[in-house]
Amino acid sequence: MENPPVERLEDDAALARRIAQAQPGRAPAAEAELCRRLAPRVRLYGLKHLRDEHAAADLMQQVMLMTIQKLRAGELRDSERLASFVFGICRMSVLELRRGGLRREQLLERYGEDLAPAAAPAEPLFDLERVAGCLEKLPQRERSVLLMTFYEDRPADEVGAQLGLSPGNVRVIRHRGLARLRECVTGEEAAQ
Amino acid sequence: MNDFACAAPLDERTLIEYWLGELPEDAESAVDEHLLGCGHCSARLGELVALAGGIRDALRHGKVSAFVSDSFIRSLAGQGLRVREYRVPRNGSVNCTIMTGDDLLIGRLEAPLAGVTRLDVVIDSPGLPGEVRQDVPFDPARGEVVVVPNMVQLRAAPSHRLRLELIAVDDDGRRTIGEYIFNHTAPTA
């Protein structure tokens, strides 16, 4: 069996050190591996804070470009603080995007094509028919709470107010419903 | 941290509450930072987000039936979903159908719900034994139960008569609150 590239075995901090210690642009494998790991995490951060697929994709591009550029420039002093470093860039970039700031084209113009990370893959998709079939098997209350919660990602107090339930009660129903749905969708239900 | 392991994984509840914006600001920031440094927990959140997307798509494509709230329906309509509504008075009936452009069909069952703590619904379809939906959610203050049928099944169904019975359940037993008839005409091809 072929051994994985050494970059795959290193932790994030080691990859960041490699990039910082190399001549700018001379650690392409480490940069690619770090982007492979960070891009989906940054995309989720974008989805959470911007609630928009395209804006999240823009954020991912911006953050990855800035992160690699700053690592190349030796701006991260302690590589063990990489997550905190990226978090800071994310926060700043979200503010910029909310102000209608940078877009991918401008970023590429600013940083150059060689820094452009590959697109992060979206989350694994569940089979729609299976999810629908499993939802239909849930008790009514769990089904309603899950639909009303996740259709627009609404918090427990909002959903509870619409159904005459306390937020605590909604959280309990939601948690139980999600667990049951996941078991059914992934087939764990049948295995038990 | 890396892609493979997490020394202090976030629990499921925290991930859900984070995603839905229920955490206090400082706790949310701590989770943000953890997720950016942790492939393991981030992948678990990604799975949760994908499942939430499946739930959303199931409703958007009319593949699931449910009892929901009036506010929820108004929100769906506000987003551009084409919602056809039928209001049925207590012990009344309505003629209904489904059109090509409809995204969702809803039935509003008017009922006196003050003081009701648990509600069951019996659904009588032609040729099938009565199906009991236990403990359906409702907003007691609105005086109606809002039901969303499975659009895919309904589109495939022939013209038929559907009877729904609302039953309040409490310590004293079960009592019928109202009966509702839907005279459904299948759309012509």
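Two strands count as paired if DSSP finds at least two bridges between them. Helices (H or I, at least four residues) and strands (E, at least two) are DSSP runs, numbered from the N terminus. By these terms, β3 (residues 92–97) and β9 (residues 173–185) of chain B pair in the parallel sense over 6 bridges. This is a predicted model: local features need pLDDT of at least 70, side-chain atom pairs count only at pLDDT 80 or more, and totals for chains, interfaces and linings use all residues. Residues are numbered from 1 along each chain as its sequence is written, while chains are lettered from A and ligands numbered from 1 in the order in which they are written.

**Confidence**
- The model scores ipTM 0.93 and pTM 0.89.
- Chain B has a mean pLDDT of 92 (the predictor's confidence in each residue, from 0 to 100).
- Of the residues of chain B, 97% reach 70 or more.

**Strands around β9(B)**
- B:V94 stands opposite B:F182 in β9(B).
- Strand β8 (residues 160–170) of chain B runs antiparallel to β9(B), and 11 bridges join them.
- B:L162 also has B:F182 of β9(B) as its bridge partner.
- β8(B) and β9(B) form a hairpin, with 2 residues between them.

**The four-stranded sheet**
- Chain B holds an open sheet of 4 strands in the order β1-β7-β4-β2, with mixed pairing.
- Its edge strands are β1 and β2 (83–88) of chain B, each of which pairs on one side only.
- From one strand to the next, the twist averages 25°.
- Axes here are lines fitted to C-alpha atoms, for helices over the stretch in contact, and angles run from 0 to 180 degrees between N-to-C directions.
- Strands β4 (residues 104–110) and β7 (residues 144–148) of chain B run antiparallel, joined by 4 bridges.
- In that pair, B:L109 stands opposite B:V145 in β7(B).
- α4(B) packs on the sheet and touches β1, β2, β4 and β7 of chain B.
- The direction of α4(B) makes about 150° with that of β2(B).

**Interface with chain A**
- 47 residues of chain B are in contact with 49 residues of chain A (C-beta atoms, placed from the backbone, within 7 Å).
- α1 (12–19), α2 (25–37), α3 (39–60), β1 (66–68) and α4 (70–78) of chain B each supply at least two residues of the side that touches chain A.
- α3(B) gives the most to that side, with 15 residues.
- By class, the side of chain B has 22 nonpolar, 13 polar and 12 charged residues.
- Ala, Val, Leu, Ile, Met, Phe, Trp, Tyr, Cys and Pro count as nonpolar, Asp, Glu, Lys and Arg as charged, and the others, Gly among them, as polar.

Conventions:
Two residues are in contact if their C-beta atoms, placed from the backbone, lie within 7 Å.
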